[in-house]
Amino acid sequence: MVQHIDGVAFQMGEPFDFGFLSKYGRVFKVFDDQDSGNICFGTEMDGQRYFVKFAGAPTARCPGEPKEAVKRLKASLPVYRDLSHPNLIRLIEAEDMGGGFGMVFRWAEGDCMGRMYPEEHRRFMALPIGDRLEVFDRVLDFLGHVHSMGYLAVDFYDGSIMYDFASGKTTFCDVDFFVKKPYINTMGRMWGSSRFMSPEEFRLEAEIDEATNVYTAGAMAFALLGNYSREREDWPLGEGLFKLARRAVSDSRAERPGTIRELRELWQEQLELNS
């Protein structure tokens, strides 16, 4: 069904009262196409913009009960606090609200460059290769930070990345399912986009570790630089960088670089040879 708030239309599974959002100003944008059970709002008050992520409403694509979405969102709160980083969306506050739970962030300018947003994705892929390489370097820097803080990236894919075409700034906007190390796969197929997931993320009781995130980083390289293709003819850089990216997405964990730091150092070496 279609619902409206402050003149903005969005989809819901059932009607829900979002009047509590007035605390954060007027709604100017709604993100209703989430399969996490969350619904998100862009709000503005006194010239300041916010991003409000809310769980507890019967969203159009909610995969289960709203209370489960509330539980998951609350569990993500310490993750955002612990992983504070210049490229991670900035958490302002979190609290029970509207019969559910909400997290309020500083609004980050930018567009999601994932392929689920075709226009923005085409615009991103048209950027010079140097600009896209800078985004990938931000990915490696952030994943290195994640591991230094004792966490693992789960459900991290191109849809987690926002790019501001005006400033060139990269922002990571979704770390809800990141977990603390050590971690064992208790789900079978874990949360995430299959294009970015290693074999162990589909295997019950498999160890999920830094080598798993090396695979994610390699998949991200092919997404950002090769438009998802893992074929040599679609790769815009040199042979050494292609082989390294292929190593990173090897089904064999032993063939991948063991850590994000090692991958980043090898990547930089090949970049210098490529220049």
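**Stop 1: a three-stranded sheet**

Start with an open sheet of three strands, in the order β8-β10-β11 and with antiparallel pairing. β8 and β11 (170-172) are the edge strands, each with a single partner, so one side of each has no neighbour in the sheet. Strands here are DSSP runs of E with at least two residues, helices are runs of H or I with at least four, and both are numbered from the N terminus. Two strands pair if DSSP finds at least two bridges between them.

A word on what is loaded: this is a predicted model, where local features need pLDDT of at least 70 and side-chain atom pairs count only at pLDDT 80 or more, while totals for chains, interfaces and linings use all residues. Residues are numbered from 1 along each chain as its sequence is written, and side-chain values use heavy atoms, with hydrogens and water left out.

Now select residues 161-163, strand β10, which runs antiparallel to β11 and is joined to it by three bridges. Met162 stands opposite Thr171 in β11.

**Stop 2: Asp176**

Move on to the loop between β11 and β12 (179-180), where you will find Asp176. Is Asp176 buried or exposed? Asp176 is buried, at 10% relative accessible area (buried is under 20%, exposed over 50%, partly exposed in between, with a 1.4 Å probe and protein chains only). Show its side chain: there is a polar contact with the side chain of Lys53 at 2.9 Å, and another with the side chain of Tyr80 at 2.5 Å. A polar contact is a pair of N or O atoms within 3.5 Å; within protein, one must be able to donate a hydrogen and the other to accept it, and residues adjacent in sequence count only if both atoms are side-chain atoms.

**Stop 3: the pockets**

For the largest pocket, select Asp33, Gln34, Tyr117, Tyr157 and Gly159, which lie nearest its centre among 33 lining residues. About 1000 Å³ of space lies here. A pocket is an open set of points on a 1 Å grid over the protein atoms alone, where a 1.4 Å probe fits, with protein on both sides within 12 Å along at least five of seven lines; lining residues have an atom within 4 Å of a point. Grid points are joined across faces, edges and corners, and the volume is the space filled by probe spheres set on them.

**Stop 4**

β1 pairs with strand β2 (residues 8-11) in the antiparallel sense over four bridges, and His4 sits opposite Ala9. Two residues separate the strands of this hairpin, and Asp6 in the turn has a positive phi of about 50°.

**Stop 5: helix α4**

Finish on residues 210-226, helix α4, whose 17 residues reach 23 Å from first C-alpha to last, close to the 24 Å expected at 1.5 Å a residue (that is, 1.5 Å times one less than the number of residues). Of its 17 residues, 17 are buried, so α4 is largely enclosed by the rest of the structure. At its start, a side-chain oxygen of Asp209 comes within 3.1 Å of the backbone nitrogen of Ala211. Just after the helix, Asn227 takes a positive phi of about 55°.
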